[in-house]
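Colleague: I would like to learn how to read a domain interface and a surface patch in a model. Please take them in turn.

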Amino acid sequence: MESYKDEDFAAQAKSILERYPREQRFALAMMQDFQRKYDYLSQEAIRQIAAYLQIPSGKIYSLATFYKAFSLEKKGKYIIKVCDGTACHVRSSMQILEEIEKLLGIMPGGTTADGRFSLETVKCLGTCALAPVMVINDEYYGSLTAGKVREILKKYGDGGGADEE
Amino acid sequence: MKIRINGIDCEAQPGEFILDVARRNNIYIPTLCHHDAFAGEARCRLCIVEVVERGRSRVVTSCVYPVAGEIEVATDTEKIRSLRKTLLMLLLARTPQNETIKKLAREYGVTEVARFESDPQEECILCNLCVRACEQLGAGAIYAVNRGVTKKVATLFEEPAEECIGCAACAAICPTGAIKVLEKEGKRIIWNREFEMVPCSNCGRPFATAEQLAFYRARLKVAPDRYGGDRLCENCRQKRAAELASLMSPARLR
Ligand code: SF4
Ligand code: FES
């Protein structure tokens, strides 16, 4: 994942934008490209897209806040998705979520101050047999209990995450 | 072509919307999201009417329903009133303290909605008229953000509107008066931004923001001193136009 850099951002943005004609119908495709490349849409990205299309930035902001596929904030290094689909819900996924909220001090949609974790809830990860489930980046953890969650998060804490480079 | 609205014969052009035909003939249909300059939002649904065509009756949205054949329209039937009552019940649940909505709701026998949790501060019914007015007359400073129950009209990043020129077209068009404009001591505050106002060069009343005048000049491509540097408020402009007209009246010129 690349991060937004101030110095050469205009040039970086240009390389994405210029793949498209200056037509509003390509706005979503451009936004997806930024989201894919940087993991979120920065305010500057929104402004650049709007400037390229010669439309008010508010229009892009409106689209960005409408679709769940876009994030307007930088996400944590590890994105924890706690499943709250039906199967997980009946197996007390809410308790798992509460445990994580307590441990990290953030609510779903939030990111820890150190930029390490983001917390989200999702509706079914397609692994109901493992309920309750969460996934951290691409790693699945099933049959969770509050105790297990504590152990798992410890692995990702300072001193080396499970997939630390 | 002829259509009948509430038993009255009305002349209509094919493709004309029922609402426009009705208004021309002084037949009242309540609306919230309709404005002649920005037609077609069709969000509030309050303008519903019954249309009878080839013996079949249907409920349609009159602000966007084009007349195609010889139809019979009824604007205030039992059924329509009960549907509007439901709509107003929902609107009142959204904006429980708004005077416009309260008044309309009362007319349809809705005084209070206990079934939903309401936000007493909410006054916007999401008709989108302000967004369109801002796009066309202003700078495109406000748009709808979020969706579902969190949807609202907001400025870019929900910060004090940087694009805004302070023209207040949004507030002027809002059917419920949801957008607040504060004017005092030569300043106008709107969308969390404060603007200096420019005084009328004739009567001295502050009447527009500097940003607004610059924006219009740029759009119309006129130089600032085109009219001898005059900046007239609406009243003085009209007065001046009337003066000019009388000066040039044939009676005088003769
Ligand atoms: S603020 Fe007023 S004009 Fe704008 S969407 Fe809400 S009700 Fe309509
Ligand atoms: S006036 Fe027709 S839907 Fe609002």
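The dialogue below covers the domains of chain B, then a surface patch.

Modeller: This is a predicted model, where local features need pLDDT of at least 70, side-chain atom pairs count only at pLDDT 80 or more, and totals for chains, interfaces and linings use all residues. Residues are numbered from 1 along each chain as its sequence is written, chains are lettered from A and ligands numbered from 1 in the order in which they are written, and side-chain values use heavy atoms, leaving out hydrogens and water.

Colleague: Into which domains is chain B divided?

Modeller: An automatic or database assignment sets the bounds: domain 1 is 2-76 and domain 2 is 129-247. Their centres, taken over C-alpha atoms, are 33 Å apart.

Colleague: How much area do domain 1 and domain 2 of chain B bury between them?

Modeller: The size of an interface is often given as the accessible area lost when the parts come together. Here the loss (1.4 Å probe, summed over both parts) is about 660 Å², 67% of it on carbon and sulfur atoms. In domain 1, Leu32(B), Phe38(B) and Glu41(B) lose the most area to domain 2, together 73% of what that side buries.

Colleague: Which residue forms a salt bridge with Glu41(B)?

Modeller: A salt bridge is a side-chain nitrogen of Lys or Arg within 4 Å of a carboxyl oxygen of Asp or Glu. Arg132(B) is the partner, with the closest N and O atoms 2.9 Å apart. The count between the two domains is one salt bridge.

Colleague: Which residues make the nonpolar surface patch of about 320 Å²?

Modeller: Patch members have over 30% relative accessible area (Shrake-Rupley, 1.4 Å probe, only the protein chains shown as cover) and no salt bridge; like charges are joined within 9 Å, nonpolar side chains (Val, Leu, Ile, Met, Phe, Trp, Tyr) within 5 Å. This patch is made by Leu244(B), Leu247(B) and Met248(B).

Note on methods:
Buried area is the accessible area (1.4 Å probe) that two parts lose on being put together, summed over both.
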